[in-house]
Each structure stands twice: as C-alpha cells, then as structure tokens.
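Subject: Structure for you to look over

Hello,

Please find the structure below. My notes on what was found in it follow.

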There are 4 protein chains.
Amino acid sequence: MSAEPGYVTGGDQAALLRRLKRIEGQVRGVHRMVEEDTYCIDVLTQVSAIKRGLEKVSVLLVEDHLRGCVLDAAKSGDDAEADAHLTEVTTALGRLLRS
Amino acid sequence: MSAEPGYVTGGDQAALLRRLKRIEGQVRGVHRMVEEDTYCIDVLTQVSAIKRGLEKVSVLLVEDHLRGCVLDAAKSGDDAEADAHLTEVTTALGRLLRS
Amino acid sequence: MSAEPGYVTGGDQAALLRRLKRIEGQVRGVHRMVEEDTYCIDVLTQVSAIKRGLEKVSVLLVEDHLRGCVLDAAKSGDDAEADAHLTEVTTALGRLLRS
Amino acid sequence: MSAEPGYVTGGDQAALLRRLKRIEGQVRGVHRMVEEDTYCIDVLTQVSAIKRGLEKVSVLLVEDHLRGCVLDAAKSGDDAEADAHLTEVTTALGRLLRS
C-alpha cells in the first residue's frame, strides 16, 4: 500500500485521528462545564487548550501535504504540479493564521 | 433563579451550548474526513472554521464574565472585587490571544 | 490631571509607549535581516516575537479600556454607558482574536 | 545572479521590504495615537491591522523558504536535505501559529 499524495496515511493518520478524538472529548467537556455553571475563567482556560490542540492538528496536516504532494511532485520532476500544490498550501496557511 | 456572577446563565448559556454542540459535530466531521482520506487542504479549511467557532465561544465567555462579574462588583461598589475580576479576565485574554 | 475614560494615561501610557518603541525597532531589525539575506527561518522567529509583543500591547489596551471606561461608567451608576462600552470592547476583541 | 536557497531574493525581497516599511510606519502611527490620547478602541483596530500585515509577511517568508529550500533540494534529488528543511519550516509554523 503506497501513500497517495495529499492524503493523510499510515502512522500520521493514526496520530491525527487520536488527536481529533481527544479534541472532541475536550469540546464535550467544555459543554458539560457550561451546563454545570463552571466559573467562566476556567472554561476559557479549557477553550485555549482546545485551540492549541487544533493548531497542532493544522501543522500536522500542512506537514503531511508538503511531504505527500509538494515534495513528491518535485522529486518526480513535475515542477508545475509542485508549484501548484505549494501555492495551495500557502493560501491555506494564510487562512489558518487569520482564523 | 437569579444569575450568579461568573457563570453563564439564561439565554447566553443556551446559545453557548448550541455553539459547542456544533463545534463537537465539526470535530467529528474532520475525524471522518481524515479517515476517508479527504484532500488535506479541504481538511485544513474545516479546521480553520472550527478555530473561528472557538474564538466566538471565547468572546462570549469573556463578555459574560465582564457582565456577570466585573460590572456587578463595580455597581455594588465593591471596587477591590471588580478589580480582581478584571485582572483575572485580562490574564485569561493574554493566554487566549497566544493560543 | 485626572484620567479621562477610554484614553491611556499615566504609568500605563509610558509603559505602552516603551513597548511600541521596542516593536518599531524590532520591525526595523526584520527589514535589515531581509535586506542582508538572513536565513528565512531566523526571520520568521523574529516575526513571531513581534506578534507576541503586539498581543501584549492589545491586552494592555483592552485592560485600560475596561478600567477607564466600563468600570468608571458602572461605578457612576451609568449602566447604559457601561453596557455600550462593554459591547464595543467585545467587538474589538473578536476582531483581535481573528487577526 | 542566482537565488540562493533560504534567502529572500529578487521581486519577493522588494515586496517584503515594502511591506515591512509600511508596518514600521503603522507601529509609529500607533505610538502617536497613544501619545495623543486616541480612543483605545481605535488604537486596538489599528493594532489588529498591524497583526494582519505581519501574518502576510510570515506567509511570504514561509512560501519563500518552501520554494527556495525545500523544492530546490527535492529537485536536486537531495531527499535528506529537503526533509531537514521541511521539518524546520513546520517547527517555525507551529511557533508562528501559537504567537
């Protein structure tokens, strides 16, 4: 089974899925905190932790895209394709930094 | 049932819980996207949307804290208490901006 | 000379101005790094430091606004005014978190 | 004159330097606003604009690094070098997203 470019595969995929499961649990935890009238500041601290988790997920996705798409195209000599993938990822990065 | 300072109550609470449910669903959606080998850039776009949702939740929590804690203390003439709550919220804000 | 609400005054103002001077120097430093062909990653590290400096400035401005406008209005019993200032600051916060 | 990997060159460099000059002017503008007791919320709006400018600079630096280092190494068949540059840029990205 070979890794297809642009898709998260193998060990990276398992790690990403575990991180997303944890984030889902954290969001459910914040829901419960708000239901149970937890002190706002404590809820905010937990929201900050979820944001950091999502940022880690983003970096993993970007790294995966760079390895799986940009590098593969460059290695196979397809400069136009490598260039197109690189433009795509920098556009996504701009959106991410602003969100 | 009166609103206690520092806790999310009433209409705000219902709106927050709805937002958190939506975010939980979005995180599950990203998990499915990664499992189903969705193109990385599309996953990244969805992660950016979740981050924006969390930021909206943060702003609602800060606003709630300011209304429920800081203002109430100030109105009741308890300056030291208002001051303590305000310091607490700016500390949380610093953490949030950095996350 | 009394502090007018919504304006940065006294010790806070001096501290803010010092921080802004330092940030200006850092931006000039990055300009020089780019001119002198410094390695991209080192430039990026410096840009991250400037962003953190600006976030600290933002938090100080928000805190100042909350102390100078929102609290003062609340203490003087002007609930509508306190409320208007608070809405204004949460709107600015939303913009800041997204930028 | 050929572009050396990892350094900002040619048209990109001129564009970056122009952006940095503009950011430096904006920081000076905020300094003046604070000195002249401009309303906090207006200062905050201007700080948000500077942060967005810095994010654009960051994205340009990352794109430049990817084109000049990672792609060049991949094209020349130096996989270990391409890999090392890619790890470096994802580390810088993590720091940037958190700042």
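In these notes, contact means heavy atoms within 4.5 Å. Helices (H or I, at least four residues) and strands (E, at least two) are DSSP runs, numbered from the N terminus.

The model is predicted, so to speak of local features pLDDT of at least 70 is needed, side-chain atom pairs count only at pLDDT 80 or more, and totals for chains, interfaces and linings use all residues. Residues are numbered from 1 along each chain as its sequence is written, chains are lettered from A and ligands numbered from 1 in the order in which they are written, and side-chain values use heavy atoms, with hydrogens and water left out.

Chains A and B

Chain B is superposed on chain A by a rotation of 180° with 0.0 Å of shift along the axis, at an RMSD of 0.0 Å. The two copies are thus related as by a two-fold rotation axis. The superposition is by least squares on the C-alpha atoms of residues with pLDDT of at least 70 in both copies. Glu24(B) is the residue of chain B that comes closest to the rotation axis, with its C-alpha at 2.9 Å. Of the interface residues of chain B, 100% are also interface residues in chain A, so the copies meet through the same surface.

A salt bridge here is a side-chain nitrogen of Lys or Arg within 4 Å of a carboxyl oxygen of Asp or Glu. Over all chains, the whole structure has 28 salt bridges. One of them pairs the side chains of Arg28(B) and Glu24(A), at 3.1 Å from N to O. Arg28(B) lies in helix α1 (residues 10-35) of chain B and Glu24(A) in helix α1 (residues 10-35) of chain A, so this pair joins two chains.

Helix α2 against α3 in chain B

Axes are lines fitted to C-alpha atoms, for helices over the stretch in contact, and angles run from 0 to 180 degrees between N-to-C directions. In chain B, the axes of helix α2 (residues 40-75) and helix α3 (residues 79-98) come within 8 Å and cross at roughly 165°. The contact includes Val62(B) and Leu66(B) of α2(B) and Leu86(B) and Val89(B) of α3(B). Its residues divide into eleven nonpolar, three polar and two charged. Ala, Val, Leu, Ile, Met, Phe, Trp, Tyr, Cys and Pro count as nonpolar, Asp, Glu, Lys and Arg as charged, and the others, Gly among them, as polar.

Helix α2 of chain A against α3 of chain D

The axes of helix α2 (residues 40-75) of chain A and helix α3 (residues 79-98) of chain D come within 10 Å and cross at roughly 155°. That makes α2(A) roughly antiparallel to α3(D). The crossing of α2(A) and α3(D) is right-handed. Among the residues that meet are Arg52(A), Glu63(A) and Lys75(A) in α2(A) and Asp79(D), Asp83(D) and Arg98(D) in α3(D). By class, this contact has nine nonpolar, four polar and eight charged residues.

Regards

Key:
Parallel < 35°, antiparallel > 145°, perpendicular 65-115°, else oblique. Left-handed = near helix turned anticlockwise from the far one by under 90°.
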